[in-house]
Amino acid sequence: MAFAAQPNIKLVNTAEYRENYANSVQVRVNVWDFFLVFGTLQQPSESDVEVRNFQGVYLSPQQAKALMSILQQNVSQYE
């Protein structure tokens, strides 16, 4: 059984590409996809917590599963 050659993968950042820090991630799920909302959590006072959301990303169930797997691997290595 012959295997196809692996393609060369080139990663390119578009002009819109940004990097941010998030310490808050909300996950919303529906029948077709997962929606991850990234933000920063701040606590200006003992009784107040504010989450400033800055990016939402839709993932297919397949991509969500792949993300879960790679995060599990990396967290295990970290621990």
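This is a predicted model: local features need pLDDT of at least 70, side-chain atom pairs count only at pLDDT 80 or more; totals for chains, interfaces and linings use all residues.
Me: Is Gln-77 buried or exposed?

Reply: Buried means under 20% relative accessible area, exposed over 50%, and partly exposed in between, using a 1.4 Å probe and protein chains only. Gln-77 has 65% relative accessibility, so it counts as exposed. For a sense of distance, its C-alpha atom is 15 Å from that of Leu-67, ten residues apart along the chain.

Me: What does helix 1 lie across?

Reply: Helix 1 covers residues 61-78 and lies across strand 2 and strand 3, at about 120° to strand 3. Contact means heavy atoms within 4.5 Å. Axes are lines fitted to C-alpha atoms, for helices over the stretch in contact, and angles run from 0 to 180 degrees between N-to-C directions.

Me: How do I read the sheet, and in what order do the strands come?

Reply: Two strands pair if DSSP finds at least two bridges between them. Here three strands make an open, antiparallel sheet in the order 1-2-3. Strand 1 (24-29) and strand 3 (48-59) are the edge strands, each pairing on one side only. From one strand to the next, the twist averages 25°.

Me: How many bridges join strand 1 to strand 2?

Reply: Six, with strand 2 spanning residues 34-45. Strand 2 and strand 3 pair over ten bridges, and a hairpin of two residues joins them. In that pairing, Thr-40 has Arg-52 as its bridge partner in strand 3.

Me: Which residue forms a salt bridge with Arg-52?

Reply: The rule asks for a side-chain nitrogen of Lys or Arg within 4 Å of a carboxyl oxygen of Asp or Glu. Glu-50 is the partner of Arg-52, with the closest N and O atoms 2.5 Å apart. By this rule the count is one salt bridge. Arg-52 is partly exposed, at 49% relative accessible area, and Glu-50 is partly exposed too, at 32%.

Notes
Residues are numbered from 1 along each chain as its sequence is written. Side-chain values use heavy atoms; hydrogens and water are left out. Helices (H or I, at least four residues) and strands (E, at least two) are DSSP runs, numbered from the N terminus.
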